[in-house]
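Subject: Structure handover

Hello,

Here is the structure for you to look through. Please open it first, then read the notes below.

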Amino acid sequence: MVRGFAILLALQFLGETISKKLALPIPGNVLGMGLLLLFLLLGLVRIEWVEEAAELLLSHLALFFVPAGVGVMVYFGLIAREWLPIVVATFVSTFVVMAVTGWVAVRLEGKGGRDGE
Amino acid sequence: MANELLQTPLFGVGLTLAVYALAQKLYLRTGKILLNPVAISIAAIILLLILCGIPYEVYAQGGRYVLFLLGPSVVALGVPLYRRRQEILARRAPILIGIFAGALTSIVVASGLAWLLGGSREVVLSLAPKSVTTPIAISIVEKIGGIAPLTAALVVLTGCQGAICGPEFCRWIGIRDPAAIGLAVGTASHGIGTARMLEIDRLGGAVAGLAIGLNGLVTAFLLPLLFYSFR
């Protein structure tokens with residue numbers, strides 16, 4: 001478990017370093033996710049080393065967003081002034097994005113089958 | 001004495017965990033998806049802080065320790081990706097094109113609607129990366145000139161919306177394939193939507209996790225380009 005956390009944090013650190021050094025628009029933790037996948041595929045990291053820590057974190061993934069959401073209270077004034085564009089754009093676009101993404105995937109899956117395999 | 005304790009991270013961390021634990025219990029007991037633990041926790045904490053007259057900054061001293069764990073959690077999404085690699089690889093074309101379509105749709109529809117409805121420049125910019133996971137959305141919005149904390153909050157609201165009714169909405173409009181639902185929910189509502197998908201379907205959850213990263217990547221590249229060319 002401790003080893004797993006250490007590996008996840010080390011990969012995040014590596015990702016942050018790469019992101020900073022190369023001035024990439026991609027944040028370090030997303031690069032870290034890619035690095036973890038790469039290291040697992042290459043066999044440099046074994047799945048048994050990280051799965052316990054990863055599952056613990058992922059089973060509480062939603063919790064870590066709570067403080068960012070509470071931050072909305074600072075902007076109640078702005079939201080009250082511009083509530084119409086904020087509320088409509090936020091909620092309508094989520095549904096449109098789900099519909100477009102889902103339909104595109106289903107359509108391609110149905111037509112091309114398994115990508116020519 | 002009590003005021004001194006409020007100034008330590010203990011308060012923010014403790015409050016977040018306690019409220020979330022209660023919210024989760026409520027969610028599991030009632031089984032009502034409307035009672036999404038994140039949405040309920042955020043509402044309850046805001047209400048508590050306002051009623052007790054505690055400023056957000058005091059809460060945030062502990063809150064940022066909870067937020068810190070989001071970093072290694074995003075890295076940990078590599079694990080379900082690795083486990084489901086064969087199924088994902090077999091569907092690479094629909095997954096990649098679907099995410100790209102979703103990322104573009106999100107930018108255009110969210111900021112376009114806000115602009116049409118008379119939103120200020122700052123609000124329009126803050127809404128543009130709203131489907132992207134918090135850490136990526138914040139770094140994007142700082143680059144294009146929106147209000148980062150507002151974006152963070154809208155990202156979380158979007159996530160709650162996707163978690164509460166994403167899978168149901170997808171089935172309602174005729175999308176039944178679990179991988180496609182995971183793709184739609186993950187692309188539109190990032191980590192919070194993914195958390196719900198992980199509860200429902202393993203493949204759908206892994207695909208949603210992939211969508212968080214890829215939507216983040218695509219938006220991070222696309223959005224600065226789009227906004228710089230409009231200036």
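Domain bounds come from an automatic or database domain assignment. Please note that this is a predicted model, in which local features need pLDDT of at least 70 and side-chain atom pairs count only at pLDDT 80 or more, while totals for chains, interfaces and linings use all residues. Residues are numbered from 1 along each chain as its sequence is written, and chains are lettered from A and ligands numbered from 1 in the order in which they are written.

Domains

Chain B is assigned domain 1 (2–68) and domain 2 (75–230). The C-alpha centres of these two domains of chain B are 25 Å apart. Six residues from domain 1 of chain B and six residues from domain 2 of chain B make the contact. Two residues are in contact if their C-beta atoms, placed from the backbone, lie within 7 Å. On the side of domain 1 of chain B that touches domain 2, five residues are nonpolar, one is polar and none is charged. Here Ala, Val, Leu, Ile, Met, Phe, Trp, Tyr, Cys and Pro count as nonpolar, Asp, Glu, Lys and Arg as charged, and the others, Gly among them, as polar.

Chain A also has an assignment: domain 1 (1–59) and domain 2 (66–117). Their centres, taken over C-alpha atoms, are separated by 27 Å.

Chain B overall

Chain B has 13 helices and zero strands. Helices (H or I, at least four residues) and strands (E, at least two) are DSSP runs, numbered from the N terminus. The radius of gyration of chain B is 18 Å, close to the 17 Å that the globule rule gives for 231 residues, so chain B is as compact as a globular protein of that length. That radius is taken over C-alpha atoms, and the globule rule is 2.2 Å times the number of residues to the power 0.38. The C-alpha trace of chain B spans about 60 × 45 × 30 Å along its principal axes.

Of the 231 residues of chain B, 57% count as buried. A residue is buried if 20 or more other C-beta atoms lie within 10 Å of its own, exposed if 12 or fewer, and partly exposed in between; C-beta atoms are placed from the backbone.

One buried residue

Look at Leu223(B), in helix α13 (residues 202–230) of chain B. Leu223(B) counts as buried because it has 25 C-beta neighbours inside 10 Å. Leaving out residues up to four places away in sequence, Leu223(B) touches Ile107(B), Ala128(B), Pro129(B), Ile140(B) and Ile144(B).

A helix pair

Helices α11 (residues 148–172) and α12 (residues 178–200) of chain B pack at about 80°, with axes 8 Å apart. Axes are lines fitted to C-alpha atoms, for helices over the stretch in contact, and angles run from 0 to 180 degrees between N-to-C directions. That makes α11(B) roughly perpendicular to α12(B). Angles under 35 degrees count as roughly parallel, over 145 as roughly antiparallel, 65 to 115 as roughly perpendicular and the rest as oblique. The residues of this contact divide into 13 nonpolar, nine polar and one charged.

Where the chains meet

The contact takes 67 residues from chain A and 95 residues from chain B. On the chain A side, α6(A) gives the largest share, 25 residues. That side has 50 nonpolar, eleven polar and six charged residues.

Best wishes
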